[in-house]
Amino acid sequence: MPDPEELDRAIAILRSGGLVAFPTETVYGLGADASDEAAVRRIFATKGRPPGHPVIVHLGHADLLDAWADEVPPAAHLLADAFWPGPLTMILCRSERVPDVVTGGRETVGLRVPDHPVARALLAGFGGGIAAPSANRYGKVSPTTAADVRSDLGDDVDLVLDGGPCRVGVESTIIDLTSGEPELLRSGGISIDRLAEVLGTVPRIATASSSATPRAPGMVASHYAPAATVELTDEASVVDRSAALVADGRQVGVLAPHAVDGLGDDVVELEPAGDAEEFARLLYGRLRQADRLALDVLLVIPPPEIGVGVAVGDRLRRAASPRG
Ligand code: TXA
Ligand code: MG
């Protein structure tokens, strides 16, 4: 739990239009009073994020759902009962209290009740909604420790609450409930199987072609990529591929679920990332480490695509896709 004095300071900063970075179970968020347009605009300026990208509103309790959203369908209450507090964001019709700057002018709003003692204490003390994207500079991977936040944002944030390393490690699952059929916009901490169990139907998965405009704007590949080139590989190929890259003069690292035998001395083996859950928890830290080590190429053997492993695979494919 945070020190009560620091928590009071965080609440005072939010009330006066300032920015507080805070831990959630997924990644750290860069928070501002969601009802204060000028404060939310400061989030965009601080991140260097283009305007028009909607930000998620974090709430202290599921009871606040109807205050921040209109025409809330029964499915939203079912999902809130099952998964809040937790790593699920629901896109719903916004209520009048949600300012344009939060939604990028859309008629919808993303809502989530995070599951982290510091976030919950902050939200309970503050009372209102906290608008918060991930607390990284635009284009960087999301921060999963307070040190990551400080290295990205430095003095541009008024206070960083330190709640230790994030337990989930990848962002929340985003589900859009504003059309008749639930649609998954981003895989994340809650798997599609768990959503399907509660909904009684498997949500449609949004594809680029399922709508004319991007449904979760800002989900571009570069957000999930380190400076190093990420290349996906497998057990059978990793040793040969790493040797070929080293022979080509590249600084090469390997990230795998477990130790890999037979890698050359010049290959940097990052500490293995374990099963899908542990891989998710460690992923962004390892990508940041790849940059600190100035690797040219990071070869990654992904974990199995079960549970949160689906989100890990999604983020790794984005990181590995060519950047424009
Ligand atoms: O786990 C998380 O979701 C973290 C923590 C801090 O809660 N937050 C996070 O925020 O990942 P951000 O801003 O980095 O990503 C939020 C995503 C963006 O892709 C945004 O486009 C989408 O949510 N989003 C937010 N509101 C939306 C809306 N009304 N309609 C469609 N997409 C929305
Ligand atoms: Mg982000």
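This is a predicted model: local features need pLDDT of at least 70, side-chain atom pairs count only at pLDDT 80 or more; totals for chains, interfaces and linings use all residues.

Q: Which side chain does E181 meet in a salt bridge?
A: That of R204, at 3.3 Å, N to O. R204 lies in strand β11, and E181 sits in the loop between β9 (173–176) and β10 (183–186), so the pair ties together parts 23 residues apart in sequence. R204 counts as partly exposed, at 33% relative accessibility.

Q: Where is T201 placed?
A: In the loop between α8 (192–199) and β11 (204–205). T201 is partly exposed, at 39% relative accessible area.

Q: Switching to D152. What does D152 form with K140?
A: A salt bridge, with the closest N and O atoms 3.7 Å apart. D152 is in helix α7 and K140 in the loop between β7 and α7, so parts twelve residues apart in sequence are tied together.

Q: Is D152 buried or exposed?
A: D152 is buried, at 6% relative accessibility. K140 is partly exposed, at 41%.

Q: Which residues are linked with K140 and D152 in a network of salt bridges?
A: D148 and R288.

Q: And what about D156 and R137, how do their side chains meet?
A: In a salt bridge, 3.2 Å from N to O. D156 is in the loop between α7 (146–153) and β8 (159–160), while R137 is in the loop between β7 (130–131) and α7. D156 is partly exposed, at 38%, and R137 is partly exposed too, at 27%.

Q: How many salt bridges does the structure hold?
A: 18.

How values were computed
Residues are numbered from 1 along each chain as its sequence is written. Chains are lettered from A and ligands numbered from 1 in the order in which they are written. Side-chain values use heavy atoms; hydrogens and water are left out. Helices (H or I, at least four residues) and strands (E, at least two) are DSSP runs, numbered from the N terminus. Buried means under 20% relative accessible area, exposed over 50%, partly exposed in between (1.4 Å probe, protein chains only). A salt bridge is a side-chain nitrogen of Lys or Arg within 4 Å of a carboxyl oxygen of Asp or Glu.
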